[in-house]
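Biologist: Hi! Could you walk me through this model?

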Amino acid sequence: MGRKFLVALGGAALALSLAACSGGGAGSGEKSGDEKPSDLTIGVSMPTQTSERWIADGNAVKSKLEAKGYKVDLQYAGDDIPTQSQQVDQMITQGADVLILAAIDGTALSSQLQAAAAAKIPVISYDRLIRGSKDVDFYVSFDNYKVGVAQGTALLVGLGLLNKDGSKGTAKGPLNVELFAGSLDDNNTQFFFGGAMDTLKPFIDDGTLVVKSKQTTPEQVATLRWQQETAQKRMENLLTSAYNDGSKVDGVLSPYDGISRGIITALQNAGYGKGAKKLPVVTGQDAEIASIKLINDGVQSSTVFKDTRLLAEQAVNAAEAFLQKKQPQANDTKTYNNGVKVVPAYLLPIATVYKDDIKATLIDSGYWTADEVAAGQAKK
C-alpha cells in the first residue's frame, strides 16, 4: 500500500562535504552562506493532486519552509512525466537553491539531476527514491520494508490468523486471498511488496492462505500509477476469472488506500457486504480520510499511517543543513542503493491503524478531527 518527493538547495562551498557523502554528486554551491531565508527559493515537485496524500505533503513542506522565511515554488505534475521534467527544468533555470522531488517515475529525471549538479544544487529525494543517478544527495522517507511487513501482518490479524500482539489467532485455513502492489516505476513498491510477502509467504507455503488467481509476482499484481480505477478493474477481473465457481475472497493485500477503495467498490458491486457474504479483510496505507471513515464503519480493515507532517519536517531539516554547508542527519546509510550509489537517508516510523486506533493515533494527534472521520472528508 502504501500508505506508503524532491528538494534541491544550493549552499556555499559544499563540494567537499557532499563528495564525502554522495560520491561527487550535486552540491558545491556558490552561495556565500550569508543569505537570509527570504533570499532563497526552494523548488518542490510533487507527482499529483489526485491523491489526498500528496496534496497534504506539498502543503506541509510549503508551509514549514515559508514559516522559516523561504520562498517556495511548489508544482504538481498531474502524474505526467514530461510535465514533471519541464517543471523541474524550470525550477533550475529560475535559480532554485534547493529541489525537493517526489518523482512520478524514479528513473525519469536523470537529465534534470545532471543540470542540478551542474548548477551546484543539492537534491533531496522525497519519499520515492530517485534511481539511476549519482546526483541525489539525500533521501527522506519512512521504513518502507516495515510498511510492507505491517500490511502483511494487518492482513493476518484481520483474518484472525494472528492476534495484534503477534500471537497465534484462532482462525484456520485455507483462506482465499488476493495480492495487489503499487506502481512498478515507484521504488517503494518493491519494499512494500517485499515486506508483505516475506510476512505472508509462510502462510502461503503451508496452505493456510491460497492465492486462487495464482498471481503472486510484482509484475502480475502491480497497479500502474497507483490508480483506484485500475485496481477496481483488476479486482473485477479476478472475481470473474478466479471466483466464478462460487468460492469467496477472504482477504486482499492492498498497498494504498486509494487502491483499497477501488478493490472494495469491485467487491461491493459483486455482492460482498450484503447478507451473509461478508466483505473480505482489506489493508491500506496513508490514512486517507475516506478510508479512515471506511475503517471506522467496519468496511476497510486497516491502514498504515505515515505522518506526512514529520516527513515534511525532515525534508526542511535536510534542506537547511545543505544551506548551512552541513550534512543532513541520516539514520540509514546502507539500505537505499539507487543503482548508482547508496543514498544516505532519514527514515521515519510508521503505525498500523485499525478501528480502535483511530482516536489515539489520528484524532488525538491532530491529523484528523472526529468530525472529519465521521464525514469521511477533510475540511477545507
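Modeller: Happy to; we can go through cores, sheet, backbone and rings in turn. This is a predicted model, where local features need pLDDT of at least 70, side-chain atom pairs count only at pLDDT 80 or more, and totals for chains, interfaces and linings use all residues. Residues are numbered from 1 along each chain as its sequence is written, and side-chain values use heavy atoms, with hydrogens and water left out.

Biologist: Great. Which residues touch the most other members in the largest nonpolar core?

Modeller: Those are Ile42, Val44, Met46, Val61, Leu65, Ile100 and Tyr126, out of 30 residues in that core. By nonpolar core I mean a set of buried Ala, Val, Leu, Ile, Met, Phe, Trp, Tyr and Cys residues joined through side-chain atoms within 4.5 Å. Buried means under 20% relative accessible area, exposed over 50%, and partly exposed in between, with a 1.4 Å probe and protein chains only.

Biologist: And which element gives the largest share of this core?

Modeller: Helix 11, with eight residues. Helices (H or I, at least four residues) and strands (E, at least two) are DSSP runs, numbered from the N terminus. Another core, of 23 residues, lies apart from it, and includes Phe180, Ala231, Met235 and Val304.

Biologist: Phe180, you say. What lies over the face of phenylalanine 180?

Modeller: Arginine 234 does, at 4.4 Å from the ring centre. For a charge to sit over a ring, NZ of Lys or CZ of Arg must be within 6 Å of the ring centre and within 35 degrees of the ring normal. Lysine 277 lies over the face of tyrosine 272, also at 4.4 Å from the ring centre.

Biologist: Switching to sheets: in what order do the four strands of the open sheet come?

Modeller: The order is 8-7-9-10, with parallel pairing. Two strands pair if DSSP finds at least two bridges between them. Strand 8 and strand 10 (281–282) are the edges, each pairing on one side only. Strand 9, residues 251–253, pairs with strand 10 over two bridges, and glycine 251 stands opposite valine 281 there.

Biologist: OK, backbone next. Which peptide bond is cis?

Modeller: The one from glycine 173 to proline 174, with omega near 0°. Proline 174 is in the loop between helix 5 (144–159) and strand 7 (175–179).

Biologist: Last topic: how many aromatic pairs does the structure hold?

Modeller: Six. Rings of Phe, Tyr and Trp (its six-membered ring) pair if their centres lie within 6.5 Å; planes under 30 degrees apart count as stacked, over 60 as edge-to-face and the rest as tilted. Phenylalanine 191 and tyrosine 336 make a tilted pair, 4.9 Å centre to centre with 35° between the planes. Phenylalanine 191 lies in helix 6 (residues 187–205) and tyrosine 336 in the loop between helix 11 and strand 12, so the pair ties together parts 145 residues apart in sequence.
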